[in-house]
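Biologist: Please walk me through this model while I have it on the screen.

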Amino acid sequence: MNAFQKDLFDNNVSGYLGRIDINKNTKPILNNIIQGDCLEVLKTTPVSSVDIVFADPPYNVKKDYGVYQDDLSEDEYKKWMKNIIKESRRIAKSGILFYVGSKLTKLFYELIPDAHLIIVHKRAVGVIQNNYFLQYHSLFSTVKPIKKTKDLWDDIRLPGEGYFFREERFDTPGLTSQALIYKIVDSFTKPNDIILDPFIGTGATAVVAKNTGRNFIGIELNPKYIELANKRVASTCKPLFI
Ligand SMILES: C[S@@+](CC[C@H](N)C(=O)[O-])C[C@H]1O[C@@H](n2cnc3c(N)ncnc32)[C@H](O)[C@@H]1O
């Protein structure tokens with residue numbers, strides 16, 4: 001554990017995230033969600049201060065996230081993601097994982113050329129484009145798995161699979177499957193690791209982290225999602241033994 005992580009554990013974080021107003025009266029950052037723009041927050045986060053960054057970013061497909069409209073030009077989106085990837089790499093000791101829809105696969109290959117690609121099979125026949133069914137998501141990883149891991153994940157139920165997706169749904173267009181995050185946690189992290197999720201939404205990463213004895217730091221723009229995420233985390237049990 002480095003000095004920053006020790007301070008996080010001790011809840012004594014003052015002075016570290018300069019632009020975020022942290023003092024003794026504010027909540028500790030570890031196992032909490034920061035409301036704000038993730039790029040700004042990432043820029044103020046120290047080098048190698050978390051173990052992994054896991055991101056399920058907006059896909060630039062005009063989804064309505066309340067305070068964010070997901071409607072940038074291609075160039076703006078690429079530049080935004082490039083900066084987020086750069087900052088994520090800087091703060092993550094073990095590496096980064098970015099999870100995107102199949103249409104963004106080419107772009108993310110370009111943005112993270114050293115990543116390993118894991119294909120996450122989506123069973124439901126979802127969107128059709130030019131007569132092709134889009135039936136996978138792409139998980140780009142620069143993290144070395146801690147155990148042997150296949151690069152085709154076909155055992156996860158994803159939102160959009162109708163009846164077969166049995167997880168609780170929340171009022172957001174971009175829900176991430178907890179099953180996916182369980183598998184990521186299992187393959188790429190150890191107990192007590194710190195996972196930073198810059199687009200934490202309604203908190204799937206936080207719930208899984210708490211459930212598996214990992215730590216999380218979340219960042220989210222929309223305060224309504226944060227409220228929901230905090231409720232989900234509060235009703236999640238920590239494991240007795242990890
Ligand atoms: C694909 S969703 C992620 C869903 C999340 N993993 C969950 O389980 O609910 C993308 C999220 O990014 C948030 N977002 C968009 N722009 C952001 C920004 N600049 N900083 C932080 N969060 C942002 C949106 O509000 C949305 O909740």
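**Sheet, helices and loops**

Biologist: In which sense do strand 4 and strand 8 pair, parallel or antiparallel?

Modeller: Strand 4 and strand 8 run parallel and share two bridges, and two strands count as paired here if DSSP finds at least two bridges between them. Within strand 8, Leu 152 is the bridge partner of Ile 119. Helices (H or I, at least four residues) and strands (E, at least two) are DSSP runs, numbered from the N terminus.

Biologist: Before we go on, what kind of model is it, and how are the residues numbered?

Modeller: Residues are numbered from 1 along each chain as its sequence is written. The model is predicted, so local features need pLDDT of at least 70 and side-chain atom pairs count only at pLDDT 80 or more, while totals for chains, interfaces and linings use all residues.

Biologist: How many helices and strands are there in the protein chain?

Modeller: The protein chain has seven helices and ten strands. Of its 242 residues, 35% are buried, where buried means that 20 or more other C-beta atoms lie within 10 Å of a residue's own, exposed means 12 or fewer, and partly exposed is in between, with C-beta atoms placed from the backbone.

Biologist: What is the order of the strands in the open sheet?

Modeller: The open sheet holds eight strands in the order 1-10-9-2-3-7-4-8, and the pairing is mixed. Strand 1 (32-35) and strand 8 (152-153) stand at the edges with a single partner strand each, so one side of each has no neighbour in the sheet.

Biologist: Which helix packs on the sheet and touches strand 2, strand 3 and strand 9?

Modeller: That is helix 3, whose direction makes about 150° with that of strand 3. Touching, or being in contact, means that the C-beta atoms of two residues, placed from the backbone, lie within 7 Å, and the angles run from 0 to 180 degrees between N-to-C directions, with axes fitted to C-alpha atoms, for helices over the stretch in contact. Helix 7 (residues 223-234), in turn, lies across strand 1 and strand 10 (215-220) and runs at about 175° to strand 1.

Biologist: Which residues of helix 3 are buried?

Modeller: Met 81, Ile 84, Ile 85, Glu 87, Ser 88 and Ile 91 are buried in helix 3. An α-helix has 3.6 residues a turn, so residues three or four places apart point the same way. The cover over the buried residues of helix 3 includes helix 2 (38-43), strand 2, strand 3 (92-101), helix 4 (105-111) and strand 9 (194-197).

Biologist: And how far does helix 3 reach?

Modeller: Its 18 residues span 26 Å from first C-alpha to last, close to the 26 Å expected at 1.5 Å a residue, the expected span being 1.5 Å times one less than the number of residues.

Biologist: Back to the sheet, how many residues of strand 7 are buried?

Modeller: Five of the six residues in strand 7 (residues 136-141) are buried, which leaves the strand mostly covered. Strand 7 pairs with strand 3 in the antiparallel sense over five bridges, and six bridges join it, also antiparallel, to strand 4 (residues 116-121). Leu 139 of strand 7 is the bridge partner of Tyr 99, and Ile 118 stands opposite Leu 139 as well.

Biologist: Now the ligand: which residues are closest to it?

Modeller: The ligand is surrounded by 20 residues, and the closest are Gly 174, Thr 176, Phe 199, Gly 201 and Ala 204; a residue is near a molecule if its C-beta atom, placed from the backbone, lies within 6 Å of it. The shell divides into eleven nonpolar, six polar and three charged residues, with Ala, Val, Leu, Ile, Met, Phe, Trp, Tyr, Cys and Pro counted as nonpolar, Asp, Glu, Lys and Arg as charged, and the others, Gly among them, as polar.

Biologist: Where does Leu 175 lie, and what does it touch?

Modeller: Leu 175 lies in the loop between strand 8 and helix 5 (178-188), and it touches Pro 159, Arg 169, Phe 170 and Thr 202, not counting residues up to four places away in sequence. Leu 175 counts as partly exposed because it has 19 C-beta neighbours inside 10 Å.

Biologist: Last topic, what is the phi of Asp 70 and of Asn 131?

Modeller: Asp 70 has a positive phi of about 60° although it is not a glycine, and Asn 131, also a residue other than glycine, has a positive phi near 70°. Asp 70 sits in the loop between strand 2 (50-55) and helix 3 (74-91), whereas Asn 131 sits in the loop between strand 5 (128-129) and strand 6 (132-133).

Biologist: Why does Asn 131 count as exposed?

Modeller: Asn 131 counts as exposed because it has 5 C-beta neighbours inside 10 Å, while Asp 70, with 16, counts as partly exposed.
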